[in-house]
Amino acid sequence: MRPFISRVVLRNYRSIGRCDVALGPLTYLVGANGAGKSNFVDALHLVVDALTSSLDQALNVRGGLAEVRRRSAGHPTHFGIRLDFTLGDRTGHYAFSIGSLKNRGFEVQAEECSLGGQRKGPYYRIERGQIVASSAATLPALTGDRLALVALSGLSEFRPVFDALTSMGFYNLNPKLMRELQKAQEGRLLKPEGENIASVIGHLERVNAPALRTIQEYLQTVVPTVHGFKRVQVGPMETLEFMQDVSGVKDPWRFAAQNMSDGTLRAVGVLTALFQHNVDFAPTLIGIEEPETALHPAASAALREALERASNNTQVIVTSHSPELLDDVSVRDDQILAVISEAGDTKLGQIDPASREAIRKHLFSAGELLKLGQLQPDPEAIKDQVIHQASLFDGGLGS
């Protein structure tokens, strides 16, 4: 499968001063706790939040612009994101730079979108709310504190880009929320903490039973005592009900989600995120924070297989510091981005040549190299990112 997002360029986003990395159908972001793995994924998540709610709200839930832009001795006043993507048989990019104002507000300094190549298809370039170039004869009114793509999504030529970017899903699953009775919600896309999982399962029951069976089969491999689950209604609310073995009893008993372990609920959430596509909707990209959390190490093989299988249909990004998850020769060197922190500065890149060769020749698995502390970014790749700083924009708007 051609990945939706093929390349990510970041400037001054949280702990990431700069990065320019390629992504494949399945990418493992590997590094120690606090290295900055989550900050990379959060940059993509911010794009979704800013397009589906507002840029102001997307920044506020992260503590405001001051918490999002990188803190350093140079005191950067802006941050920028560029995503190169593939839609069908066309490639494109979407990029923006957000800067601070003297009154402690912010503005979209520049924003650019192109589908099909510069000036070969739909495109626009905007600076501080003013249209610099556009393929469209007329554009709706724009403001400097909102991303223009939100308003331009009403135009047919830009709607596919908006729909694809807002169909990315990012997950840091919360068993506490998954345990609680939930209000019936729209169930096409699982929400970030799993707070609508009963609705998603109910939607799959109606429109994609094979996907639900896949989730059930992997869950039984991860948690052998669980024989299945389903959505059940409890008055005006809903929850999940599990069938689980009980010692000394022949047939499985039924248990509500509130009685299930964190590990079981997280496993259900991870598997639902991976296989939630259905006849009327498919996520373009799924990002999952540490899917192995609260799972027994013996479940790593099944989880790894599920990630690989899901990446045949939906691009998957996973953060992890688990040697067990990576301890298999099926994990390729080109699926790994190593993440380290040097004096608070996050650096990401492909792993160094010696480690790549060791994995390719099956001398060590990626998990074994991680245990040995040998999964490090290639220093030359990091140096190249500094020397050849990629521009966020193709239209001559600077970096």
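About 570 Å² of area is buried between domain 1 and domain 2, and carbon and sulfur atoms give 65% of it. This is a predicted model.

- Domain 1 brings six residues to the contact, and domain 2 brings nine residues.
- Two residue pairs are in polar contact between domain 1 and domain 2, both at pLDDT 80 or more.
- The count of salt bridges between domain 1 and domain 2 is zero.

**Cavities**
- Rolling a probe the size of a water molecule over the atoms shows where empty space is left.
- A search of the whole structure turns up three cavities of 30 Å³ or more.
- The second largest cavity has a volume of about 40 Å³.

**Lining of the second largest cavity**
- Val108, Glu111, Ile126 and Gly129 are among the residues that line the second largest cavity.
- The lining also includes Leu142, Thr143, Gly144, Arg146 and Ala148.
- By type, the lining residues of this cavity divide into four nonpolar, three polar and two charged.
- Gly counts as polar here, so Gly129 and Gly144 in the lining belong to the polar group.
- Glu and Arg count as charged, so Glu111 and Arg146 in the lining belong to the charged group.

Definitions and conventions: Residues numbered from 1 in each chain as written. Predicted model: local features only at pLDDT ≥ 70, side-chain atom pairs only at ≥ 80, totals over all residues. Heavy atoms only, no water. 1 Å grid on protein atoms, 1.4 Å probe; cavity = no way out; pocket = protein on both sides within 12 Å on 5 of 7 lines; lining within 4 Å. Points joined across faces, edges and corners; volume = space filled by probe spheres on them. Contact = heavy atoms within 4.5 Å. Buried area = accessible area lost by both parts, 1.4 Å probe. Salt bridge = Lys/Arg side-chain N within 4 Å of Asp/Glu carboxyl O. Polar contact = N/O pair within 3.5 Å; in protein donor to acceptor, adjacent residues only side chain to side chain.
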